[in-house]
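Q: I have a few quick things to ask about this model. Can we go through them one by one?

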Amino acid sequence: ALLADAFVPDGRGPFPGIVLLHGGAFTKGSRSRCRAWGEYLAARGVVALAADYRLAAAGRPSYPAAILDAKAALRYLRASAADLKVDVERVGILGGSAGAYLAAMVALTGDEPALSDPDAGPSSGVSARVDVAILMAGTFDLLARWEHDRSHRAPDDQPAELFLGGTPMSARRRYYEASPVFYASEQAARPVRWLIAWGTDDENTPPADHSERFAHLLTLAGALVRVVPIPGAPHYWSIDAAVDD
């Protein structure tokens, strides 16, 4: 069972809605990390749904399950529009770190059959497309992430390997098929408006390999992209700092 917490503004609505996805290197974390964001957005007239998703562990990869779970949360938000006071024509997704990865994959693949769950339950016929994607300190190229982590993390702490269930030497095609940078086409990127933020001193996901490159590719595809580099900030700025900051 996967759970979500809804943060609903006062008033009649309908309000814009947004799914919130936590980080944790694909292996840890929960929706509770998004509470501050949920409260912040609800106080400003946005319905926020902080959702859990399946996490990876040794011998238990969570690709593509975690992407399908993020889409399930989005479909649930739309399917519950009447109860949650959501305007289904104004729906977005926000994530940090691994959550930013999932948000990017959802935004770029939407209702694509290859990344849709045929057993999604009552909301399976509801669209998983988004109008806006807000990505903070995200991983957008899993091959680059793997290469970086090989020299920066312990051998048993390799998020990309755990998430995908192999290395690029054993499952190379999966590293491409699972990376947002390879979905940044005109058809996929243009319908979405993008806000991409990162710390310039990100030690986990170097901006040149991830946020900066991804934003550049989206721009080349003709998408509307706003970038917010945070001078001197490390990877965890979106978690460690107060939301107002």
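Q: Where is Lys85 found?
A: This is a predicted model. Lys85 sits in the loop between helix H3 (81–84) and S4.

Q: What is phi of Lys85 near?
A: Phi is near 65 degrees there, a positive value in a residue other than glycine.

Q: And is Lys85 buried or partly exposed?
A: Lys85 counts as partly exposed, because its relative accessibility is 22%.

Q: Which other residue has a positive phi although it is not a glycine?
A: Ala137 has one, of about 55 degrees. Ala137 lies in the loop between S5 and helix H5 (142–152).

Q: Buried or exposed, that Ala137?
A: Buried. Its relative accessibility is 1%, so Ala137 counts as buried.

Q: Switching to cis peptides. Which residue does a cis bond join to Gly13?
A: Pro14. Pro14 is placed in the loop between strand S1 (4–7) and S2.

Q: What about the peptide bond from Tyr63 to Pro64?
A: That bond is cis, with omega near 0 degrees. Pro64 lies in the loop between S3 and H2.

Q: Now pockets. How much space lies in the largest pocket?
A: About 580 Å³.

Q: How many residues line the largest pocket, and which lie nearest its centre?
A: The lining has 27 residues. Trp37, Leu41, Leu94, Ile134 and Leu195 lie nearest the centre.

Q: Which element gives the most to that lining?
A: S4 does, with four residues. Other elements that supply at least two residues include helix H1 (35–42), strand S5 (132–136) and strand S6 (193–199).

Q: What is the lining of the largest pocket by class?
A: There are 19 nonpolar, three polar and five charged residues.

Q: And the second largest pocket, what volume?
A: About 320 Å³. The second largest pocket is lined by 17 residues. Leu2, Asp69, Ala72, Ala73 and Tyr76 lie nearest its centre.

Q: Which elements give two or more residues to the lining of the second largest pocket?
A: Strand S3 (47–51) and helix H2 (65–79). H2 gives the most, with six residues.

Q: What classes make up the lining of the second largest pocket?
A: Ten nonpolar, one polar and six charged residues.

Q: On to packing. How many residues are in the largest nonpolar core?
A: It has 57 residues. Among those with the most contacts inside it are Leu21, Tyr101, Trp194 and Phe214. Helix H4 (residues 98–109) gives the largest share of this core, ten residues.

Q: What is Phe214 in contact with, leaving aside its neighbours within four places in sequence?
A: The list includes Ala104 and Leu108. Phe214 is also in contact with Leu135, Phe140, Trp194 and Ile196, among others.

Q: What does the second, separate core include?
A: That core has 18 residues, including Ala48, Leu94, Ala137 and Ala233.

Q: Last topic, aromatics. How many pairs?
A: The count comes to eight aromatic pairs. One of them is Tyr101 with Phe163, which is edge-to-face. The rings are 5.4 Å centre to centre, with 85 degrees between the planes.

Q: Where in the chain are Tyr101 and Phe163?
A: Tyr101 is in helix H4, and Phe163 is in helix H6 (residues 159–164).

Q: Are Tyr101 and Phe163 buried or exposed?
A: Both are buried.

Q: Which residues form one aromatic cluster with them?
A: Phe26 and Tyr63 form the cluster together with Tyr101 and Phe163.

Technical notes
Residues are numbered from 1 along each chain as its sequence is written. This is a predicted model: local features need pLDDT of at least 70, side-chain atom pairs count only at pLDDT 80 or more; totals for chains, interfaces and linings use all residues. Side-chain values use heavy atoms; hydrogens and water are left out. On a 1 Å grid over the protein atoms alone, a cavity is a set of points where a 1.4 Å probe fits but cannot get out, and a pocket is an open set with protein on both sides within 12 Å along at least five of seven lines; lining residues have an atom within 4 Å of a point. Grid points are joined across faces, edges and corners, and a volume is the space filled by probe spheres set on the points. Ala, Val, Leu, Ile, Met, Phe, Trp, Tyr, Cys and Pro count as nonpolar, Asp, Glu, Lys and Arg as charged, and the others, Gly among them, as polar. A nonpolar core is a set of buried Ala, Val, Leu, Ile, Met, Phe, Trp, Tyr and Cys residues joined through side-chain atoms within 4.5 Å. Buried means under 20% relative accessible area, exposed over 50%, partly exposed in between (1.4 Å probe, protein chains only). Contact means heavy atoms within 4.5 Å. Rings of Phe, Tyr and Trp (its six-membered ring) pair if their centres lie within 6.5 Å; planes under 30 degrees apart count as stacked, over 60 as edge-to-face and the rest as tilted.
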